[in-house]
Amino acid sequence: MRLLKGYALLALIGFCFVFLGPSVNWQTFGLGLVLPGLGFVPAVLTGWDIGALMMLFASVAAFGLALVIWFATGSVILPCVTWFGLALLSTLMTPSGQTSWALSVPAIGFVLISAYSAFHKRQLPAKREELNRALSTYQQTQASDVSKPDGLTDEDLACIRLLLDRALQPVADFNGFDVLDQFQTAALRYQLNFISYALSMVQMTQMPAFAGYMASAQSNLNAKQTDPKVWGYWKLENSWGNFDTNGDPFARDNIMYSGFVAAQLLYQQKAVSYPLDDDAMALTCTSKDGQVFSYTIHEIIEGLVDQYKQAGYGLLPCEPNWVFPLCNAITVTAIRAYDATYETDHWDSIAPAFRAHLEAEFIDSRGQFVPFRSSYTGLAAPAIGGAVMQSFPCLFLNAVFPDLAKRQWAVMQIARAGRDWRKVIWPVDVGNYMFSRAAGYTATAAAALEMGDGKASEEIKNALAQELPEHTLDGIAHRPKASIWAHANDMFARVARTDGLRELVTSPVQAQTSYLKSVPYPDVLVAKAVCDDGVLTCVLVPSKPETTALFTIAGLVPNTTYQVSGLEQNMCRSDPNGEAVLTAQLAGRATISVRPLEGGAQ
């Protein structure tokens with residue numbers, strides 16, 4: 001309504017110039033205010049000037065490009081400047097004849113738009129009733145469960161190696177990452193986020209009792225997030241999008257960094273059963289000119305909650321002006337995870353408004369998610385992105401609104417109408433902008449597993465294998481043309497299970513147990529590390545046969561003897577720090593267990 005009122009005022013001013021302007025130039029300028037490029041129409045209609053016709057097409061293209069750049073970078077001023085500039089430029093091609101023909105164009109346009117709007121609104125009740133009937137049928141007939149995988153396979157280990165090699169390189173290096181731009185979906189921050197999310201899901205499901213190279217990888221990913229090349233985009237984007245020169249990436253309207261990083265930290269914390277230092281739950285970003293922005297996880301979450309309480313749409317912009325349901329779904333999992341960890345009630349204080357606005361403003365008449373909406377204008381994007389824009393939010397919403405996630409997954413499947421996944425997944429990998437369905441397939445497969453739709457997951461994985469088969473070199477698997485973002489989601493989908501992320505987000509922090517502290521990477525890979533009833537069980541896989549490796553067990557009772565199985569030595573004794581070093585002769589995959597001696601021998 002604010003947009004319509006503002007546009008009505010602008011159009012009124014434009015028509016005042018058209019009907020009351022002292023000269024043809026003023027009348028032409030008025031038309032240019034009514035619609036971008038409309039000022040060139042009189043010159044086209046008066047003598048069919050080919051130059052004017054070309055300028056009309058160029059003006060439409062220029063304004064369209066300005067809108068794209070506005071979306072891509074948050075530069076809200078660009079469409080306004082382009083619109084006004086085109087109105088001024090049109091006065092240079094003002095025809096000598098009258099402009100009465102051109103005056104009919106906006107009038108006809110208004111009539112057609114109004115008629116379409118009225119017709120569209122009259123169809124909404126019928127569309128909703130039809131969708132509700134389809135949902136009822138879908139919910140009664142569709143159900144499947146995805147069980148918990150037990151240990152990483154050799155193929156899984158080859159897949160995770162690609163992520164680990166990038167995470168374990170020196171913090172200042174980004175070798176092997178997709179370095180294209182820092183404003184859109186190929187940005188480094190998202191690659192870091194989703195590698196971390198995947199590693200957290202691997203840890204929760206397969207190796208909560210393993211620190212080692214997994215802990216080092218997560219620590220490096222957190223540190224990489226503080227590199228100015230990752231977050232420094234914000235000062236520029238905040239300047240041209242909010243007219244604010246504050247470069248603090250946590251301060252406002254930047255949940256694509258602050259919210260995603262909060263989820264990154266909290267997923268790590270909740271996925272493991274070994275202790276984390278307080279430093280692991282804080283970030284310090286230092287700009288190239290020496291500005292320091294230091295935040296603990298408590299400050300990040302409290303800042304996000306305060307922003308949500310003031311949000312006019314109930315949801316926050318992911319960047320200046322643009323509100324994405326997906327980004328918000330990821331962000332609120334961090335708030336929900338924080339509550340489960342620190343026994344706060346932040347989520348309960350914002351959940352009702354969040355859900356009400358999500359359903360009122362970001363779900364369209366077809367029951368589908370609106371990809372994104374402009375907070376300045378209220379305008380929503382048309383359906384873009386294919387099925388992944390409908391499926392992927394369900395992965396995260398299942399942790400906060402499982403009923404809503406279930407409904408939206410059903411809506412997506414109903415809209416798919418049994419068509420092959422290839423036809424509903426867009427052929428562009430948003431992680432590197434190349435023509436492949438890798439990102440869409442992997443993200444949707446991960447969501448399908450979370451939602452318990454094993455059939456969909458299997459179909460998608462088969463399609464992925466056919467279109468982008470894995471290539472393995474030196475024990476590392478990759479899919480040519482697939483982005484790092486897609487590889488991360490591929491790993492996530494390998495270990496995901498029904499309600500897996502929901503469990504990670506909503507469960508309390510795991511109790512501390514004995515754990516595998518270290519193994520030599522990449523000589524030895526960990527396929528499983530769990531501690532149940534005081535028994536630590538690890539599955540180790542050597543990169544090469546006949547590997548001899550030292551590995552450390554920690555979290556033991558100090559100065560206590562333990563029974564070992566799976567190794568030549570059958571006993572070990574912890575040192576005063578509760579650690580024990582063992583030697584393994586690994587010919588192949590081996591299962592090793594460490595348990596207290598019966599009677600608790602000291």
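Predicted model: local features only at pLDDT ≥ 70, side-chain atom pairs only at ≥ 80, totals over all residues.
Tyr-562 stands opposite Pro-596 of strand S14.

S11 and S14 belong to an open sheet of five strands, ordered S8-S9-S14-S11-S12. The pairing in this sheet is antiparallel. In general, strands of a sheet pair through backbone hydrogen bonds, in either a parallel or an antiparallel manner. The edges are formed by strand S8 (524-532) and strand S12 (571-573), each of which pairs on one side only. From one strand to the next, the twist averages 25 degrees.

The wider setting is as follows. The protein chain has 22 helices and 14 strands. Its C-alpha atoms fill a box of roughly 105 × 60 × 45 Å along the principal axes. Of its 602 residues, 54% count as buried. Among contacts with a separation of 6 or more, 70% come from residues 24 or more positions apart.

Helix packing comes next. Two packed helices are described by the angle between their axes and by the distance between those axes. For helix H2 (residues 24-34) and helix H5 (residues 77-90), the angle is about 155 degrees and the axes are 8 Å apart. H2 is therefore roughly antiparallel to H5, since the angle is over 145 degrees. The crossing of H2 with H5 is right-handed. On the H2 side the contact is made by Thr-28, Phe-29, Gly-32, Leu-33 and Val-34, and on the H5 side by Trp-83, Phe-84, Ala-87, Leu-88 and Ser-90. Sorted by class, this contact holds seven nonpolar and three polar residues, with no charged ones.

H2 is mostly covered, with eight of its 11 residues buried. The buried residues of H2 include Thr-28, Phe-29, Gly-32, Leu-33 and Val-34, which are also the H2 residues that meet H5. Gln-27, Gly-30 and Leu-31 of H2 are buried too.

The axes of helix H8 (residues 188-206) and helix H12 (residues 258-271) come within 9 Å and cross at roughly 20 degrees. An angle under 35 degrees counts as roughly parallel, and H8 and H12 therefore fall in that class. Their crossing is left-handed. H8 contributes Tyr-190, Leu-192, Asn-193, Phe-194, Ser-196, Tyr-197, Ser-200, Gln-203 and Met-204 to the contact, while H12 contributes Phe-260, Val-261, Ala-263, Gln-264, Tyr-267, Gln-268 and Ala-271. The contact of H8 with H12 has 10 nonpolar and six polar residues, and no charged residue.

Pro-508 is placed in the loop between helix H22 (500-506) and strand S7 (515-518). Its relative accessible area is 60%, and Pro-508 is therefore exposed, the cut-off being over 50%. Apart from neighbours within four places in sequence, Pro-508 is in contact with Lys-270 and Ala-340. Between the C-alpha atoms of Pro-508 and Leu-162, which are 346 residues apart along the chain, the separation is 30 Å.

Further along, Tyr-521 and Pro-522 are joined by a cis peptide bond, with omega about 5 degrees. Pro-522 has its place in the loop between S7 and S8.

Most residues other than glycine have a negative phi, and most peptide bonds are trans. Two further residues depart from the phi part of that rule. Asn-321 is not a glycine, yet has a positive phi of about 90 degrees. Asn-321 sits in the loop between helix H13 (297-310) and strand S3 (322-323). With a relative accessible area of 1%, Asn-321 is buried. Asp-499 likewise has a positive phi, near 60 degrees. Asp-499 is found in the loop between helix H21 (484-495) and H22. At 29% relative accessibility, Asp-499 counts as partly exposed.

Notes. Residues numbered from 1 in each chain as written. Heavy atoms only, no water. Axes fitted to C-alpha atoms, helices over the stretch in contact; angles between N-to-C directions. Helix = DSSP H or I, 4+ residues; strand = E, 2+ residues; numbered from the N terminus. Parallel < 35°, antiparallel > 145°, perpendicular 65-115°, else oblique. Left-handed = near helix turned anticlockwise from the far one by under 90°. Contact = heavy atoms within 4.5 Å. Nonpolar A, V, L, I, M, F, W, Y, C, P; charged D, E, K, R; others polar. Pairing = 2+ DSSP bridges. Buried < 20%, exposed > 50% of the residue type's maximum accessible area, 1.4 Å probe, protein only.
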